[in-house]
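Dear colleague,

Please find below the structure that I am handing over to you. My findings follow it.

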Amino acid sequence: MATGNKMSNAFSPKRVGRWVRELGELWSGRRSPGLFVAVGTQNGVRYVTLPDRIWATKSHEFWVFLGALLHRLKPESILELGSGRSSIYLSEYASKQKKRFVSIDENNKWVMLNQLIARFGSLGTDYFHFVSLDSKGYYNESELKDIICQPPDFVYMDGPYNDRSGIMQQLHTLGLCEQADVIIIDDIQWRHVYDQMEIFRSRGKTRTSNIIRYDNPKLTQYLCVLVRSDLQPVVDDLLRVLAIETVKNYSREQCVCD
């Protein structure tokens with residue numbers, strides 16, 4: 001009788017449904033032009049395809065600058081909107097220094113990739129979160145409220161991929177970001193992102209701006225490091241040591257994308 005119960009449980013609708021889902025994910029992964037990984041979860045194995053498009057990265061000097069900036073300023077709480085290579089440096093700092101870090105992305109492939117990299121580095125994997133986009137194309141604010149439990153003092157803005165203007169209508173998220181001492185804003189060659197840079201220079205706190213240029217094969221891109229005014233000497237020191245030249249007098253008229 002016990003053997004019969006075991007057989008019945010083995011082929012229960014829930015378990016069979018899980019097998020069917022796993023086989024579907026495996027088939028999708030094997031047909032993908034890119035790579036895929038198998039990840040164990042409480043509900044079985046998930047087969048997840050990894051990003052098939054990787055953007056050109058910033059210079060080695062910039063990544064050293066980011067790590068050194070974290071080391072010098074020692075932020076207690078970090079928020080990243082849009083994950084990528086920066087997630088590696090931010091998560092390593094948070095994990096080794098036991099600080100809070102939340103990384104958000106609308107693409108589950110990037111979330112899974114960063115969890116995978118963190119696992120190989122013996123870092124925490126619970127920093128990375130998938131958040132869907134709302135009807136206006138920005139991160140769903142109710143989901144953000146559930147994940148972000150403390151105002152960040154260091155923000156890295158690099159998402160969503162298509163349109164970032166939605167943050168200006170989300171009072172909760174905007175209120176969190178405006179309290180930060182450091183706000184790094186990528187892709188200010190987009191006009192609407194450039195406008196956000198101008199707003200965050202004085203929103204919540206007075207911040208100085210440091211614009212850095214980096215090139216990839218298709219587009220010259222710019223990012224801005226906004227820091228609370230009294231922290232600017234730290235930035236100046238790091239830029240000098242790493243021989244990173246900032247761009248002076250970059251204007252909205254120079255932006256190439258809407």
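The notes below cover aromatic ring pairs and then backbone geometry.

This is a predicted model, in which local features need pLDDT of at least 70, side-chain atom pairs count only at pLDDT 80 or more, and totals for chains, interfaces and linings use all residues. Residues are numbered from 1 along each chain as its sequence is written, and side-chain values use heavy atoms, with hydrogens and water left out.

Rings of Phe, Tyr and Trp (its six-membered ring) are paired if their centres lie within 6.5 Å; planes under 30 degrees apart are stacked, over 60 edge-to-face, and the rest tilted. This rule gives nine aromatic pairs. Trp-63 and Tyr-89 are stacked, because their ring centres are 5.1 Å apart and their planes lie at 5 degrees. Trp-63 belongs to helix H3 (residues 60-73) and Tyr-89 to helix H4 (residues 85-97), so the pair ties together parts 26 residues apart in sequence; helices (H or I, at least four residues) and strands (E, at least two) are DSSP runs, numbered from the N terminus.

Burial is defined by relative accessible area: buried is under 20%, exposed over 50%, and partly exposed in between (1.4 Å probe, protein chains only). Trp-63 is buried at 4%, whereas Tyr-89 is partly exposed at 24%. Ring pairs also link Phe-62, Trp-63, Phe-65 and Tyr-89 into a cluster.

In the backbone, the peptide bond from Gly-159 to Pro-160 is cis, with omega near 0 degrees. Pro-160 sits in the loop between strand S6 (154-157) and helix H7 (171-177). Asp-187, although not a glycine, has a positive phi of about 65 degrees, and Asp-187 is buried, with a relative accessible area of 5%.

Yours sincerely
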